[in-house]
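Please look through the structure below before reading on.

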Amino acid sequence: MRTKVVIVGGGPAGMLLSQILHRAEIDHVVLERQTRNYVLGRIRAGILEWSSVEVIRAAGVSTRMDAEGEAHDLVNLAWGGEHVLPIRVKELTGRQMMAYGQTELQQDLYNAADDNGTSLLFSADDVAVNDVTTESPHVTFRHNGADERIDCDYVAGCDGFHGVSRAAIPEAERTEYERTYPFGWLGILSETPPLPHLVYTNHERGFGLCSTRNPMLSRYYVQCPIEDHVDDWSDDRFWSELSARLPGEVADRVVTGPSIEKSIAPLRSFVAEPMRYGNLFLAGDSAHIVPPTGAKGLNLAVSDVHLLSRALIAHYRDGDTAHLDGYSGEALERVWGSVRFSWWMTTLLHRFPDMTDFDQRLQERELSYLASSTAAQASMAEQYVGIPFANPPEEE
Ligand code: APR
Ligand code: PHB
């Protein structure tokens, strides 16, 4: 079997790339290790930057997002159990965020792939990426008990942090940068109405976040020790801990209820450079991980895919390889922007185990500086809502 592009991984990065390549009539195959239901069962973040909204619209998969997603023009920062500072993103930048769960977007992308008749193989085992520094890369795997091989021009490694693509770049050719954080996030979903706006809170008991999925589904998080287990956290304990970390007027408005999902996630910053090796291109979590503070993970996947799809289209349509050559450098500019921003938000809002009174004073001072400075708020707002692309996608 032969195709132009093999996409390894059918998460949001792989499926959005597939959708854009389909519209450009670029032949491709998607290989996903898990089943469709498994992928759709994963609970992930839910805040889209405005540039991500534009990419999703231009890719022709925005009908449900535009109908059911909620535009958000501000986010709140709270601290010390008393202060609440709205960062008026729309007023400061002219753009806003869209609350739309990654799971919903993933569903829309799979539905589009069904309509497109995309070659999308689930339960593809033992995927291996071969000969990417030659003119004839190929990908081997097992599917339905048979050994398979697909020859291609390019491989798009969209297989997440634990995938095989990044490892196909020899260690001597890649550099990895990493920071782990000494705590986790305990997240719950509850079928209760969310607060009208997101609230990120810094408290001496630890960080907390009130977020949303839809008018009857809320997502909340509290910082917890990384060794904790979900069984340590009854719903009652979760709600009272969240409430203790919020200013009273905010806590009073949180509608509690039974959790329908509860999980603990570690926080990590990770970048692998470069994002290209021969005819292999990495996109999304396969090349980088950010802590969830600021909700940049999915947005970086979308921005990588925007840049990579544009480069592949320029190559196949016009024989122009300049964008392919520039992909890694251009993508990494945005990646490091979001790595820095999510590190900054994480550092500003969490309680670190080794924090001294000095460090705590610095956090408090930075928050009160934000409260007093429109320039500081504008800087946060433009990064939170996402830096516009130099070459935005063209809406049809
Ligand atoms: N072969 C085929 N598929 C694989 C392999 C493999 N060896 N390893 C992993 N995969 C699949 C995973 O099962 C997953 O469905 O690749 C997909 C990668 O999807 P994600 O991990 O979701 O990563 P990505 O598509 O880059 O999405 C960006 O942003 O909000 C964050 O982490 C969040 O998932 C989100 C990410
Ligand atoms: C979420 O809704 O899951 C969410 C929102 C904002 C974040 C992280 C996660 O910064």
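Predicted model: local features only at pLDDT ≥ 70, side-chain atom pairs only at ≥ 80, totals over all residues.

Eight strands form an open sheet in which the pairing is mixed. Read across, the strands come in the order β6-β5-β14-β15-β16-β13-β17-β20. At the edges are β6, residues 83-87, and β20, residues 288-289, and each of these pairs on one side only. The partner of β20 is β17, which spans residues 259-273. These two strands run antiparallel and are joined by two bridges. To find the place in the model, look for V271, which stands opposite H288 in β20.

How many residues surround ligand 2? There are 15, and the closest are Y200, S211, R213, Y221 and G294. A polar atom in the side chain of S211 lies 2.6 Å from an oxygen atom of ligand 2. For the side chain of Y221, the distance from an N or O atom to an oxygen atom of ligand 2 is 2.6 Å. For the side chain of R213, the corresponding distance is 2.8 Å. On its own, ligand 2 has 280 Å² of accessible area, and the protein covers 100% of this. Strands β14 (198-202), β15 (208-214) and β16 (217-224) are the elements that give two or more residues to the shell. The largest share comes from β15, with three residues. Sorted by class, the shell around ligand 2 holds nine nonpolar residues, four polar ones and two charged ones.

The next site is that of ligand 1. Its shell consists of 24 residues, with A13, E32, R42, R44 and D285 the closest. D285 also makes a polar contact: an N or O atom of its side chain is 2.6 Å from an oxygen atom of ligand 1. Elsewhere the backbone is involved. A backbone N or O atom of P12 lies 3.3 Å from an oxygen atom of the ligand, and a polar backbone atom of L298 is 3.1 Å from an oxygen atom of ligand 1. Taken alone, ligand 1 exposes 700 Å², of which the protein buries 91%. Helices α1 (12-23) and α9 (297-318) each supply at least two residues of this shell. Which element gives the most to the shell around ligand 1? That is α9, with three residues. By class, the shell around ligand 1 divides into 10 nonpolar, eight polar and six charged residues.

Of the elements, α9 gives the most to the lining, with five residues. The lining is made up of eight nonpolar, three polar and six charged residues.

Around ligand 2, the largest share of the shell comes from β15. In the shell around ligand 1, α9 gives the most. In the lining of the second largest pocket, α9 gives the most.

Key:
Residues numbered from 1 in each chain as written. Chains lettered and ligands numbered in written order. Heavy atoms only, no water. Near = heavy atom within 4 Å. Polar contact = N/O pair within 3.5 Å; in protein donor to acceptor, adjacent residues only side chain to side chain. Areas by Shrake-Rupley, 256 points an atom, 1.4 Å probe, with all protein chains shown as cover. Helix = DSSP H or I, 4+ residues; strand = E, 2+ residues; numbered from the N terminus. Nonpolar A, V, L, I, M, F, W, Y, C, P; charged D, E, K, R; others polar. Pairing = 2+ DSSP bridges.
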